[in-house]
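Hello,

Here is the structure I promised to hand over. Have a look at it first, and my notes follow below.

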Amino acid sequence: MSDTHGKDVSTIDAHSDAPLYPLPPHHHRLTDTDPRAARRAERQVAAMFALSALCIVAFVVGYVAIPTTSFIDLGPIGVLQTSNLVLGTTFGLAILLIGLGAIQWAKKLMADEEIVDERHPVGSPVEDQEAAAELFATGVAESGFVERTIIRRTLIAALALFPVPLIVFLKDMGPLPGTSLRTTIWKKNSRIVVDVTGQKLRPEDLAIGTLVSASPEDLDKVQEETGTQNARAKASIILVRMRPDEIKSQQGDGWDVQGILAFSKICTHVGCPIALYQQRQHSLLCPCHQSTFDLSDSGKVIFGPAARRMPQLPITVDSEGYLVAQSDFQEPVGPSFWERG
Amino acid sequence: MSVIVKEASKALSRADERAPISSLAKANLRKVFPDHWSFMLGEIALYSFLILLLTGVYLTIWFKPSMTEVIYHGSYAPLEGISMSEAYSSALKISFDVRGGLLIRQIHHWAALFFMAAMIVHMFRIFFTGAFRKPREINWVIGGSMIIIGLLEGFAGYSLPDDLLSGVGVRIVAGIVESIPVIGTYLMFFIFGGEFPGNDFIPRLYTFHVLLVPGILLALVGLHLVLVFYHKHTQYPGPGRTNTNVVGFPLFPVYTAKAGGFFFVVFGVTTLIAAFVTINPIWAYGPYVPDQVTAGSQPDWYIGFLDGMLRAFPPLESTIWGHTISWNVFVPAAVMPGILLGALLAYPFIEAWVTGDRGEHHLLDRPRNAATRTALGTMTISFYGILVINGANDIIAQAFSIPFNNITWFTRVAVFVVPPLVFLATRRLCLGLQRRDRDLLLHGRESGQILRLPHGEFIEIHTPISDEERAVIRSKVDIPALEAPSAADENGVATPGYKALRRRAKFSRLFYGDNVASPTAAEIAAAEHHAHELHDHEVDELHEAGKDAPAQLTD
């Protein structure tokens with residue numbers, strides 16, 4: 001950083017070599033003057049080292065004797081794995097005592113007179129700098145790097161391109177997104193089943209004010225075929241039932257069944273699954289970043305960082321009276337992405 | 001000569017026939033390090049890192065970085081028969097079927113928390129004392145990089161067990177990556193090997209966590225230490241301490257015992273905490289399932305400020321020419337951390353440019369003497385603190401029964417209002433302390449003793465301060481604010497880079513313009529002379545007044 005203006009502040013060094021005030025005289029410790037105190041300190045240090053060794057013995061005994069399946073209730077501290085407690089205490093104390101012993105030794109018994117070192121200048125001496133520059137210039141001249149322009153330029157080109165394969169190799173880290181983020185496994189007549197239990201649902205199974213997590217009936221099959229949880233990460237929904245007159249608006253005409261609405265469970269902010277339902281306000285709250293959606297009003301955002309409404313799944317009942325999807329979601333679920341539009 | 005010393009020097013000379021050990025030992029065994037508690041913060045970070053390497057190796061013995069679904073059959077009964085990833089199952093095995101496994105896991109996790117905390121507090125120590133100034137700028141950049149890399153490493157580490165809590169964290173990161181304009185979706189698919197969550201992420205993260213990042217960190221730690229060693233440690237001002245010396249204790253034996261002992265203390269304390277305080281009880285969260293979540297999800301503390309920023313940002317998103325830009329995710333999660341961390345790394349260079357200071361500094365600044373820098377530091381801490389608080393807004397809302405909406409709104413306003421106020425208050429405080437230092441130097445300390453002179457005048461006795469205090473106060477270096485250049489010289493030739501120089505002068509005035517000038521040596525001498533004179537004068541007057549004892553009022 002060259003500096004053409006202002007004072008040359010590199011001379012700001014008000015501290016000449018001699019200190020303004022000298023180092024204060026050294027005070028001897030009790031252990032320096034009283035041999036009894038020194039012996040006491042010596043015994044303390046030795047006791048800590050000896051105790052450390054004993055702790056290691058206790059550790060080995062604890063390792064052999066205590067199974068990992070035993071637990072101990074320590075009241076306010078909580079229930080702890082006994083083995084964790086005993087091994088941790090013995091091992092921890094063993095190391096701690098070595099440390100404390102060494103520090104006590106240094107503080108009480110080792111020489112404690114401060115010594116002064118002069119600093120050397122950080123940079124190399126000027127002669128060395130000049131010599132280095134000269135050596136470098138000689139090397140450059142001997143190589144012909146400057147005159148042989150064609151070698152220099154082709155070398156630069158080759159070196160510039162050499163990392164390309166390193167990046168190209170990474171291409172097969174994953175497939176291209178394509179349209180996969182726009183679809184889920186929901187399709188016309190996919191049956192809606194309750195999560196975990198797999199129970200099929202009729203409208204009358206849901207009381208007004210309830211919320212259940214649900215998924216398409218064929219989800220488990222798809223997961224088994226693909227061997228991933230990808231389908232679940234997009235297809236998961238929640239069903240809520242409210243009185244039909246409480247519904248202010250929804251994302252499509254006739255997308256509900258007798259006040260039962262289906263929404264994606266994946267937050268449109270950064271994708272957390274949402275399950276906190278405040279029944280009175282019909283609002284759905286994301287536990288990660290507190291985005292809040294009004295399910296009675298097309299799932300629109302009423303608070304928090306999410307910018308996009310919760311996508312609604314159009315549902316109906318099939319010939320057997322079970323809740324099914326009318327189609328897939330009409331917009332991509334989950335967080336926004338560049339190509340989403 | 002004792003047997004130990006004789007054997008050691010024999011070993012040394014044998015070694016010396018193969019490498020110049022003696023020269024190294026001669027140069028360094030008695031190398032001096034200054035003593036101060038705040039110099040141990042970096043040590044804590046270093047030792048925590050060593051503990052992490054050591055315990056991490058143990059964990060790799062049993063951990064299986066695989067997302068293949070397995071059915072759990074282990075010692076932890078509540079999860080018996082549950083389908084989960086092999087990663088989670090092996091983490092449970094470490095916790096409940098390997099003796100001492102839980103202890104190692106908990107030491108590893110606690111050490112990670114301490115590693116980050118120690119690095120950040122160490123960084124603030126460096127910042128407030130100006131230890132980052134020339135010639136140590138590169139070490140500041142290395143240190144700052146380690147904090148950023150440590151943050152990523154910590155996140156990767158607690159994501160590996162693939163439990164419900166960490167899985168949600170990974171889902172959030174996937175959402176953040178998706179929000180990056182143009183390349184986000186592709187990047188997400190490359191990282192996860194397709195859609196979220198896929199089956200590739202944990203094994204890839206594992207290599208990142210146990211090989212790539214620790215390797216980089218280890219290299220940076222080594223470089224950091226080499227530079228500390230080469231530059232010699234900075235020291236606080238005091239009697240006998242100058243910019244060209246270093247006063248302290250020798251590496252061998254005092255610091256070998258103290259610093260070596262301190263490693264064992266850090267390791268021991270971390271182990272004892274891991275023995276008594278459960279951390280990251282993955283068994284209580286259950287395996288990760290993409291449609292489940294726990295209420296009150298909290299990242300590890302060092303991620304908290306990012307989460308707080310994400311929670312507070314207003315819901316902004318635009319669609320331009322068929323493309324979506326999620327300002328509400330991209331800005332708080334990628335742009336703002338980038339700016340913050342970039343400013344952090346660039347700070348030594350920015351300050352050097354503003355102050356025009358190109359000198360070598362080995363004597364530490366007292367924070368008050370660099371009022372603007374100190375104010376910038378506390379301002380940053382307040383900004384960071386507000387975000388950390390908002391990162392736990394749901395927990396706070398629950399604990400204090402306040403609507404979380406209010407906390408979020410408070411944050412949205414406070415991040416703009418509080419840091420500037422903190423800046424102004426700190427700067428004032430520092431300038432006030434500078435003024436007080438000047439007073440102490442010139443007039444000494446108010447003794448509280450009021451003396452009535454025989455002719456009725458009241459004076460307060462001031463006691464001069466000690467040489468130790470004088471040495472500390474007089475370490476202040478007055479750096480003049482840079483002057484703006486004239487736009488053109490006398491021949492009418494425009495000054496090159498005039499505008500930049502004028503801007504720089506403005507910043508420089510902001511930085512040093514209000515500093516209280518240190519008393520000159522002449523002023524101090526005059527003050528001392530005056531004090532003596534006053535004293536003599538008093539004595540004379542007392543004599544004249546017939547040796548009456550002065551009336552003393554003591555409070």
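Two strands pair if DSSP finds at least two bridges between them, strands being DSSP runs of E with at least two residues and helices runs of H or I with at least four, both numbered from the N terminus. This is a predicted model, in which local features need pLDDT of at least 70 and side-chain atom pairs count only at pLDDT 80 or more, while totals for chains, interfaces and linings use all residues. Residues are numbered from 1 along each chain as its sequence is written, and chains are lettered from A in the order in which they are written.

Now the part between the chains. Strand S3 (residues 115-118) of chain A pairs with strand S4 (residues 245-250) of chain B in the antiparallel sense, over 4 bridges. There, A:Val116 stands opposite B:Val247.

Counting contacts (C-beta atoms, placed from the backbone, within 7 Å), 108 residues of chain B touch 92 residues of chain A. On chain B's side, helix H10 (residues 251-276) gives the most, with 18 residues.

Two single residues as well. A:Gln223 sits in helix H7 (residues 219-226) of chain A.

Best wishes

Key. Contact = placed C-beta atoms within 7 Å.
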